[in-house]
Amino acid sequence: MTEAKIEAWLEEDRAFAPHEEFAAQANAQPSIYADADRDPVAWWRQQANRLTWASEPTTTLEWELPNARWFADGTLNASVSCVDVHVKEGRGSRVAFHWVADAEGESRTITYHELSRQVNRTANALIELGVTKGDRVAVYMPMIPEAIFTMLAVVRLGAIHSVVFAGFSAEALASRILDSDCRFVVTADGAFRRGAPSPLKPAVDEALTSCPDVSAVLVVKRTDGDVGWVEGRDHWWHDVVERQSDVHEPEAFGAETPMFIMYTSGTTAKPKGIFHTTAGYLTQVATTYHYVFDVKPETDVCWTAADIGWITGHSYIVYGPLINGVTQVMYEGLPDSGGRDRWWKIISEHRVSILYTAPTTIRTLMKWGHQLPASFDLSSLRLLGTVGEPINPEAWMWYRKNIGANRCPIVDTWWQTETGAILCSPLPGITATKPGAAMRALPGIYVAVVDNDGNEVGHGEGGYLVVTHPWPSMTRGIWGDPDRFFDTYWSRFPGKYFAGDGAKLDPDGDLWLLGRVDDVMNISGHRLSTTEVEHALVGHHAVAEAAVVGASDDTTGQAIVAFVTLKLSAEDAEKDQARIIEELRQHVSSTISPIAKPRQIILTPDLPKTRSGKIMRRLLRDVAENRSLGDVTTLTDPTVVNMIAGLMETHASSED
Ligand code: PRX
């Protein structure tokens with residue numbers, strides 16, 4: 001979003017005060033910020049009482065930058081806080097999940113009691129396959145309940161899950177398995193997408209050709225397709241899990257026991273294994289779920305429309321909601337599986353009251369027209385959330401008006417894989433909201449916007465977002481690479497965590513996020529690095545050099561534009577350009593994921609470079625976004641960039 005747009009909205013003074021009726025019932029009361037400010041560490045210790053401890057911690061924060069330990073001498077079992085406690089305290093018959101399949105009419109209802117039995121069985125099956133404390137287990141699954149049983153069973157054993165989004169390629173899966181030395185994989189034969197089965201197991205089989213240390217693969221049967229099978233290594237879920245006892249005695253582990261690894265893109269070609277530990281992470285996801293989403297577990301039906309393959313799914317489908325004991329909808333399909341009104345059907349059928357999704361989805365739903373939601377009863381909704389990228393004011397207003405009937409507060413939640421849980425967001429009932437602003441840090445969280453030298457900027461000014469104090473759910477590092485952890489996040493502004501986002505404080509001092517300031521792109525809320533895509537492109541035999549930029553896009557927030565120079569073999573030279581471009585787009589899709597497929601590839605004889613040989617991505621971004629070019633005097637050959645701009649125009653007009 002441009003600053004000019006923000007200014008324009010602010011001039012209209014478009015701020016919404018908290019709804020009085022909502023405020024009267026809200027979980028968060030106005031004193032909460034001051035309560036936390038008095039002693040933030042003690043405040044977090046109090047919040048840690050949301051967990052079920054085997055032995056309560058006597059320590060709180062131990063902080064030696066960049067390493068934090070929270071509640072370190074306490075012991076607990078993560079899955080007990082999520083599941084067992086609810087059964088034990090008489091909430092076993094409450095629905096944990098209404099699982100809704102891609103196909104209309106197919107669904108499953110899972111109570112907390114049933115969830116407990118399934119998690120225990122899965123844990124017993126994993127033990128039989130050889131999983132023990134500290135082992136890494138890769139999870140490559142569609143949005144089916146077994147994915148959640150698996151995550152909870154893994155942490156129940158003190159093992160570590162690494163969930164890899166099922167849209168990633170075999171190569172991406174293999175590199176993640178190898179990086180954290182996963183010895184086990186849990187997957188499914190396939191998934192459903194708009195009614196059609198799409199195989200998953202072949203990608204696992206291909207990935208495992210380069211991962212010889214994986215000893216067992218557990219496979220859920222979801223489709224009817226044939227699958228390749230390696231005897232001794234592969235096991236059907238229904239053969240191994242279903243015959244297990246549904247009793248499993250949980251062990252208690254130390255609060256800082258590693259719980260999961262989640263790979264995310266940084267500024268290099270190699271994704272980083274961000275890892276989180278147990279009690280700090282669980283405390284903050286549970287606390288933020290309680291206050292930001294204002295959940296009332298007895299009556300709410302919550303729907304976080306995200307995939308478990310991303311951090312949003314971990315924190316706000318699995319751990320945060322389950323600790324709070326809420327009822328959720330878990331949906332397998334796409335927004336238009338079965339028709340473009342599918343979401344509204346699900347909301348009205350299940351009486352969803354809290355909906356959490358990404359701006360890119362809101363924009364897609366918006367394109368499909370307000371008539372679709374208008375023809376359903378959405379009166380059950382009482383709170384809306386957004387996450388993943390800056391939300392443009394138009395989409396925010398559409399969401400508020402057409403989905404929230406101008407009465408549901410919208411929480412614009414800023415956070416990252418690394419932060420584990422929400423750090424900045426309005427609190428419904430307390431904080432006023434503005435279309436496109438995350439507003440302020442949550443209680444117990446301290447952020448600032450700083451200039452290039454690390455000095456805090458004033459109201460009305462922009463800079464970089466930093467976090468100034470440690471927080472419970474902060475990542476404990478990059479798996480296997482402590483130096484990179486310090487260099488990436490803690491070295492740019494000494495003593496502060498540098499998030500990689502630009503931000504601005506408006507004249508009222510409220511916070512607006514402006515997007516990444518590094519080489520990380522945000523495509524439909526998915527993080528990808530420019531180098532990662534360049535790396536994939538130059539892996540194609542016809543490519544000599546590639547430069548990738550994220551250009552703004554009306555639906556996906558940003559879209560990938562690649563500038564490529566070719567080294568054509570005689571055979572390739574025969575092909576026309578359109579065919580080569582399509583081949584390159586497919587190549588990126590199969591090397592990384594369909595998410596990474598460039599929107600546009602411009603074939604060019606040269607790339608703009610500085611005299612020291614660095615590709616000037618800034619200029620290419622200007623070209624991709626059709627802006628006038630900035631300073632070109634440092635280029636070896638300033639004519640190159642004009643030539644590329646010309647190619648871009650030709651390309652655009654040939655597409656019209
Ligand atoms: O640029 C910010 C953007 O998403 C990045 C984090 O991406 P990831 O680790 O994949 O986690 C996404 C889900 C938490 C951030 O650096 N981002 C996330 N939420 C917002 C946002 N940008 C603006 N507003 C948000 N609410």
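1. Arg-476 and Glu-256 are both buried. In this predicted model, their side chains meet in a salt bridge, with N and O 3.0 Å apart. Arg-476 lies in the loop between β23 (462-467) and β24 (477-478), while Glu-256 lies in the loop between β14 and β15 (258-264), so the pair ties together parts that are 220 residues apart in sequence.

2. Another pair to look at is Arg-243 with Glu-128. This salt bridge has its closest N and O atoms 2.7 Å apart. Arg-243 sits in the loop between α10 (237-240) and β14 (253-254), and Glu-128 belongs to helix α6 (residues 112-129), so the bridge ties together parts 115 residues apart in sequence. Glu-128 is partly exposed, at 43%.

3. Glu-62 forms a salt bridge with Arg-69, and the closest N and O atoms are 3.3 Å apart. Glu-62 is partly exposed, with a relative accessible area of 33%. Arg-69 is also partly exposed, with a value of 41%.

4. The pairs above belong to a longer list. The search of the whole structure finds 37 salt bridges. Side chains of opposite charge can pair when their charged atoms come close.

5. Pro-66 is in the loop between β2 (61-64) and β3. Strand β3 (67-70) is also one of the elements against which the buried residues of α4 pack.

6. Which residues of helix α4 are buried? In α4 (residues 40-47) they are Trp-43, Trp-44, Arg-45 and Gln-47. These buried residues pack against α3 (32-38), β3 and α11.

7. Helix α11 (residues 279-292) also meets helix α12 (residues 311-324): their axes come within 8 Å and cross at roughly 80 degrees. That angle makes α11 roughly perpendicular to α12. On the α11 side the contact is made by Tyr-281, Leu-282, Val-285, Ala-286, Thr-288, Tyr-289 and His-290. On the α12 side it is made by His-314, Ser-315, Tyr-316, Tyr-319, Gly-320, Pro-321, Ile-323 and Asn-324. By class, the contact has 9 nonpolar, 6 polar and no charged residues.

8. How many of the residues of α12 are buried? The count is 14 of 14, and the helix is mostly covered. Gly-325 follows α12 and has a positive phi, near 70 degrees.

9. Positive phi values also occur in residues other than glycine. Ala-405 has a phi near 50 degrees and lies in the loop between α16 (393-403) and β21 (410-413). Ala-405 is partly exposed, with a relative accessible area of 44%. Ser-524 likewise has a positive phi, near 50 degrees, and is placed in the loop between β27 (520-523) and β28 (526-529).

10. Val-564 is a residue of strand β30 (residues 557-566). It counts as buried because its relative accessibility is 0%. Leaving out residues up to four places away in sequence, Val-564 touches Leu-537, Val-543, Glu-545, Ala-546, Leu-584, Ile-601, Ile-602, Leu-603 and Thr-604.

11. Last, the overall figures. The protein has 22 helices and 31 strands. Its C-alpha atoms fill a box of roughly 75 × 65 × 55 Å along the principal axes. A compact globule of 656 residues would have a radius of gyration near 26 Å, and the 25 Å of this protein agrees with that. Buried residues make up 60% of the 656 residues. Of the contacts with a separation of 6 or more, 71% come from residues 24 or more positions apart.

Terms used. Residues numbered from 1 in each chain as written. Heavy atoms only, no water. Salt bridge = Lys/Arg side-chain N within 4 Å of Asp/Glu carboxyl O. Buried < 20%, exposed > 50% of the residue type's maximum accessible area, 1.4 Å probe, protein only. Helix = DSSP H or I, 4+ residues; strand = E, 2+ residues; numbered from the N terminus. Axes fitted to C-alpha atoms, helices over the stretch in contact; angles between N-to-C directions. Parallel < 35°, antiparallel > 145°, perpendicular 65-115°, else oblique. Contact = heavy atoms within 4.5 Å. Nonpolar A, V, L, I, M, F, W, Y, C, P; charged D, E, K, R; others polar. Rg over C-alpha atoms; globule rule 2.2 N^0.38 Å.
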